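Me: I have a structure to go through and would like to ask about it bit by bit. Can we start once it is up?

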Amino acid sequence: MARKRKRSLLEQVINSPAEKEESTSPKLTKYWLQRYNLFSRYDEGIEMDEEGWYSVTPEEIAVKQAERCRGKVVIDCFSGVGGNTIQFAKVCSSVIAIDIDPVKVEMAINNALVYGVDDRVDYVVGDFIHLAPSLKGDVLFLSPPWGGPMYNKVETYTLDMLQPKDGYKLFQIAQTITPNIIMFLPRNVDLAQLEELAWLSSPPLTLEIEENCVGGRIKGITAYFSCCAV
Ligand code: MGP
Ligand code: SAH
């Protein structure tokens with residue numbers, strides 16, 4: 001009897017979506033092991049794809065970033081599977097979430113449902129670069145692709161390595177919408193280049209740099225430009 005019960009529990013584990021993800025993609029295991037840091041409600045039906053696993057902002061960091069935007073209209077320009085969007089939806093007056101990949105947007109909608117905030121977000125499948133001239137908001141949040149999980153193989157990550165356009169271009173486009181810009185960037189990013197972005201703006205912007213850690217390990221850098229800086 002005891003043996004039978006043990007076996008069925010094992011089957012349950014093997015057949016769970018999380019375990020399937022781990023077994024199909026060994027290179028994602030390190031992210032799967034951190035799944036509750038990424039989404040505390042992971043077990044309630046969160047959906048991820050490969051890029052989602054290695055790109056999603058850990059929940060603790062997303063909560064902090066969202067808190068800085070409380071009550072504002074936020075545009076999440078590269079929303080992915082929704083790690084940031086969910087937290088913005090909890091505290092912001094409204095959220096526009098844009099991603100070029102329709103599969104990511106489907107997952108983001110599902111994940112917002114898990115957190116009970118799906119009705120507080122306007123989702124757009126599209127290219128942020130093309131949509132920019134039609135966007136209006138108080139704060140622009142940029143967490144673009146960093147070029148994959150190998151981003152940290154260089155000592156210093158320079159802004160020209162960002163995608164789908166280099167960081168200078170992305171910042172320039174963002175500034176046509178609002179001076180209140182938040183960027184989530186690699187932990188090895190060139191801080192002098194960020195300062196340059198702030199000082200070379202007309203008028204110069206204030207800049208606050210935040211190191212974002214989870215469990216004592218640095219995961220990324222958040223740059224708050226303009227009136228988002230305290
Ligand atoms: P990581 O360095 O790949 O993981 O990403 P980790 O666990 O710190 O690995 P370690 O072995 O170096 O300790 C750290 C965090 O950066 C991820 O949790 C994501 O939030 C973020 N991140 C990573 N990438 C590759 C991207 C990206 O391309 N875009 C965005 N917006 N965030 C990313
Ligand atoms: N902050 C997100 C992760 C973003 S990862 C989270 O917490 O879940 C970067 C995302 O940018 C990817 O989902 C990718 O599909 C999207 N992307 C890439 N190019 C884009 C573009 N031109 N316009 C909008 N989204 C884009």
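Me: Where is glycine 83 found?
Reply: Glycine 83 is found in helix α7, residues 83-91. Helices here are DSSP runs of H or I with at least four residues, strands are runs of E with at least two, and both are numbered from the N terminus.

Me: What should I know about the model and the numbering?
Reply: This is a predicted model, so local features need pLDDT of at least 70 and side-chain atom pairs count only at pLDDT 80 or more, while totals for chains, interfaces and linings use all residues. Residues are numbered from 1 along each chain as its sequence is written, chains are lettered from A and ligands numbered from 1 in the order in which they are written, and side-chain values use heavy atoms, with hydrogens and water left out.

Me: Back to glycine 83. Is glycine 83 buried or exposed?
Reply: Glycine 83 counts as buried, because its relative accessibility is 7%. Buried means under 20% relative accessible area, exposed means over 50%, and partly exposed is in between (1.4 Å probe, protein chains only).

Me: How far is its C-alpha atom from that of glutamate 59?
Reply: The two C-alpha atoms are separated by 6.5 Å, although glycine 83 and glutamate 59 are 24 residues apart along the chain.

Me: And glycine 82, where is that?
Reply: Glycine 82 sits in the loop between β1 and α7. Glycine 82 is buried, with a relative accessible area of 1%.

Me: Which helix holds methionine 107?
Reply: Methionine 107 lies in helix α8, residues 102-114. At 13% relative accessibility, methionine 107 counts as buried.

Me: New topic. How many salt bridges does a search of the whole structure find?
Reply: The search finds 8 salt bridges. A salt bridge is a side-chain nitrogen of Lys or Arg within 4 Å of a carboxyl oxygen of Asp or Glu.

Me: What joins glutamate 50 and lysine 27?
Reply: Their side chains meet in a salt bridge, at 3.0 Å from N to O. Glutamate 50 lies in helix α5 (residues 50-55) and lysine 27 in the loop between α2 (17-24) and α3 (29-32), so the pair ties together parts that are 23 residues apart in sequence. Glutamate 50 is partly exposed at 34% relative accessible area, and lysine 27 counts as exposed at 59%.

Me: Which residue does glutamate 210 form a salt bridge with?
Reply: The partner is arginine 68, and the closest N and O atoms are 3.8 Å apart. Glutamate 210 is in strand β6 (residues 207-214) and arginine 68 in the loop between α6 and β1 (73-76), so to speak of the pair is to speak of a link between distant parts of the chain, 142 residues apart.

Me: What about lysine 104 and aspartate 101, what do their side chains meet in?
Reply: They meet in a salt bridge of 3.0 Å, N to O. Salt bridges that share partners join Asp49, Glu51, Asp101 and Lys104 into one network. Lysine 104 is buried at 5% relative accessible area, whereas aspartate 101 is partly exposed at 22%.

Me: Which side chain does glutamine 65 touch in a polar contact?
Reply: The side chain of threonine 222, at 2.9 Å. A polar contact is a pair of N or O atoms within 3.5 Å; within protein, one must be able to donate a hydrogen and the other to accept it, and residues adjacent in sequence count only if both atoms are side-chain atoms. Glutamine 65 is found in helix α6, residues 59-67, and is buried, with a relative accessible area of 0%.

Me: Now the prolines. Is the peptide bond from glutamine 163 to proline 164 cis or trans?
Reply: That bond is cis, with omega near 0°. Proline 164 is found in the loop between β4 and α10. The peptide bond from serine 202 to proline 203 is cis too, with omega near -5°, and proline 203 lies in the loop between α11 (191-199) and β6.
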